[in-house]
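Dear colleague,

My findings follow directly after it.

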Amino acid sequence: MRQLSQAAAIREGIVQEMRQDPSVILLGEDVGKFGGAFHITHDMLDEFGAERVWDTPISEAGFTGLGIGAALTGLRPIVEYQYLDFIFCAMDQVVNQAAKIRLMSGGRAKAPLVLRGPQGATGRGAQHSQSVEAWFMHTPGMKVVLPSTPYDAKGLIISAIRDDNPVLFVEHKLLYGAASPGGGKALSDTAIQAIGTDVPEESYAIPLGTADIKRQGSDVTIIATLLMLHRALSVAEELAAEGISAEVIDPRSLAPLDVATIAASIAKTNHVVVVSEDVSRAGVSAELVATINDHCFYDLEAPVQRVAAANTPIPFAPASERHVIPQVDDIRAAVRRVLSI
Amino acid sequence: MSNTMEIRRDPVDCAGHDRALLLRMFRKMLEAREFEEQLYYLFLTTAMPGTMHQAVGQEAVAVGVVSALNPDDTITSTHRGHAHCVAKDVPLKDMMAEMFAKQEGSCRGMGGSMHLTDFNKGMLGAFAIVGSGIPIATGAALSARVRGSGQVAVSFFGDGAVNEGIFHEALNMAALWNLPAIYIIENNQYALSMTVAESSAVPDLASRACAYGMPSLRVDGNDVLAVHEATREAAKRARAGEGPTLIEALTYRIRGHARFEAAGYRPSEEVEAWKKADPIERLAAGLLARGIAGEDELNAIRAEAEAAIEDAIEYAQSCTDVQAEDYLSYITAEN
Ligand SMILES: Cc1ncc(C[n+]2csc(CCOP(=O)(O)OP(=O)(O)O)c2C)c(N)n1
Ligand SMILES: [Mg+2]
């Protein structure tokens, strides 16, 4: 089958939706004539014109609000943040407005909105490196989607666009692939697996809230998203050589979360490691541990191990960044801890 | 005023200015230029971490503004901040060590190119969230008032930043309370790919100040003395309790937006035309025209600036690499 990079897969999903649904529009900085800082919206201005591809000023709070207003009145806007760190400039519009409007209106209003952009630590210092998903996982009314492969990215962006709620669509810079700036670096990360690169040309939707078992196993369950999913898979591969069988689950969406798939896996393996690139304190890993305790406590033979970023802003120096962000070694050590080996 | 201001190439008019000040400006602009030129090669040839944004062609703004301030006045900067730091006397060695992620760096290797900071020099920080330094400088101005320090606070930011709501919030408060603040729009005519006309309904950015009753003006940002004069007036007003000023300095970003960004969205004739309006060359021509310095003396200063950067690189390379756990010392302050 045809191979696509993740950047190209996201792009194709957006283009196909825009072709079949004239209510889908784009808003964001440099998304038009420049084609997006990470080239996701490449050529879209040419194909769809300036009434559907809006090159915004640097006004995140403003254009997020415009997206909400357009969503309330019949459009399906996709709002791009050049780096997801900048969505914090629009926090009121996202958290107080988009996420709450459904409830506040007693179910009368809906805001079908995709908020998307890249995140992840790539040597750019504290304001261009954060993982933001926990902030929005914490915000009722929002959905939070995170693709780790090109195949998933296309199917999930299509579902996110069709969804009638505000969806945060989290992309990882190091997973975009070679066609995108930053992608060259990704290729040098040996942990990034060439999985899910076969992408059908026709449109397809992956339902939000369905996890995917990326690798079957029986001894331990590793739950991870985005770049961490790839690191988890490479650990699983190594451990297989020692006769340890790890199951690797990609939740693909944190809100809603596919608890059933996770619980079924834990019922089989009785050991769990959760991995996330965001900080551990009140982070994704904390919520996953709490959920596992709620649903799977009596299946656990050892305390859940979590691997997450250190509780610090991301330092610039590469040696420190590496120390802060979970590495393959950290995941391997956590698996050994949970299995007491 | 339209944004296509005539590109001026005439020598800077140095009449009536102190010779030492003029030569110091020349030296500072050269240092800022050379710092970034060498960074470009370092990024190409060595494993220099991270990214950078060059202000090549914009040096007269940083140097013109800071040369009109007192050493204890404060500034905030942006993602494109090297020249501001050079102008504010942040030691070149500390800056270069930061670029190399060394423990001796101005931010101990924790900040990097986009977050250079030096409190000893009144450099409160470089803020890489567009617009975010504007209220912070305004707060420093408020603090100067409360403390009765007589300091002025200056915020440097780009033409793109004026479209963040925070620009308006900050300017309103500064004007409302007559704070000793100076706002410098470093209008290099692009915010990444977007021209001013493509992102601002009124491309005359200085005029935004009138909504707050704040004096404002546009100056030729490639004329270091024009920038200096405007800032000196603004600082005088600020110190006299007469409130803030907005200065729009029109200049041009000669290089791409960041490290190797090709800037293919700009007509090459435009870039070439602005290259001929180089602020350093215009000052050199002005110095020669008035006989303030001869070609030999200017060449000697050029050589000194180059040597200073070379020293900084050599020093930085001899510094100690940040160790993995260093960051643990810097997350929160200990009382
Ligand atoms: C809040 C925010 N939005 C977007 C960006 C990405 N970004 C960095 S610099 C830049 C352009 C800024 O243009 P301008 O203010 O004119 O400064 P210049 O780069 O020209 O110096 C953009 C969009 C950012 N850093 N912060
Ligand atoms: Mg600009």
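In this predicted model, the centres of domain 1 of chain A and domain 2 of chain A, taken over C-alpha atoms, are separated by 26 Å. The domain assignment places domain 1 of chain A at 6–187 and domain 2 at 212–336. Where these two domains meet, 24 residues come from domain 1 of chain A and 25 residues from domain 2 of chain A. On the domain 1 side of this contact, α6 (133–137), β5 (143–145), α7 (150–162) and β6 (166–172) of chain A each contribute at least two residues. That side of domain 1 of chain A comprises 13 nonpolar, eight polar and three charged residues.

I turn next to the contact between the chains. Chain A brings 28 residues to it and chain B brings 34 residues. On the side of chain A that touches chain B, α3 (60–72) and α12 (318–324) of chain A each provide at least two residues. The greatest contribution to that side is from α12(A), with six residues. Sorted by class, the residues of chain A that form this side are 13 nonpolar, nine polar and six charged.

Finally, there is the ligand. Ligand 1 is located between chains A and B. Its surroundings consist of 21 residues, of which the closest are Arg80(B), Val130(B), Gly158(B), Gly160(B) and Ala191(B). The shell around ligand 1 is made up of 10 nonpolar, six polar and five charged residues.

With kind regards

Definitions and conventions
Residues numbered from 1 in each chain as written. Chains lettered and ligands numbered in written order. Predicted model: local features only at pLDDT ≥ 70, side-chain atom pairs only at ≥ 80, totals over all residues. Contact = placed C-beta atoms within 7 Å. Helix = DSSP H or I, 4+ residues; strand = E, 2+ residues; numbered from the N terminus. Nonpolar A, V, L, I, M, F, W, Y, C, P; charged D, E, K, R; others polar. Near = placed C-beta within 6 Å. Domains from an automatic or database assignment.
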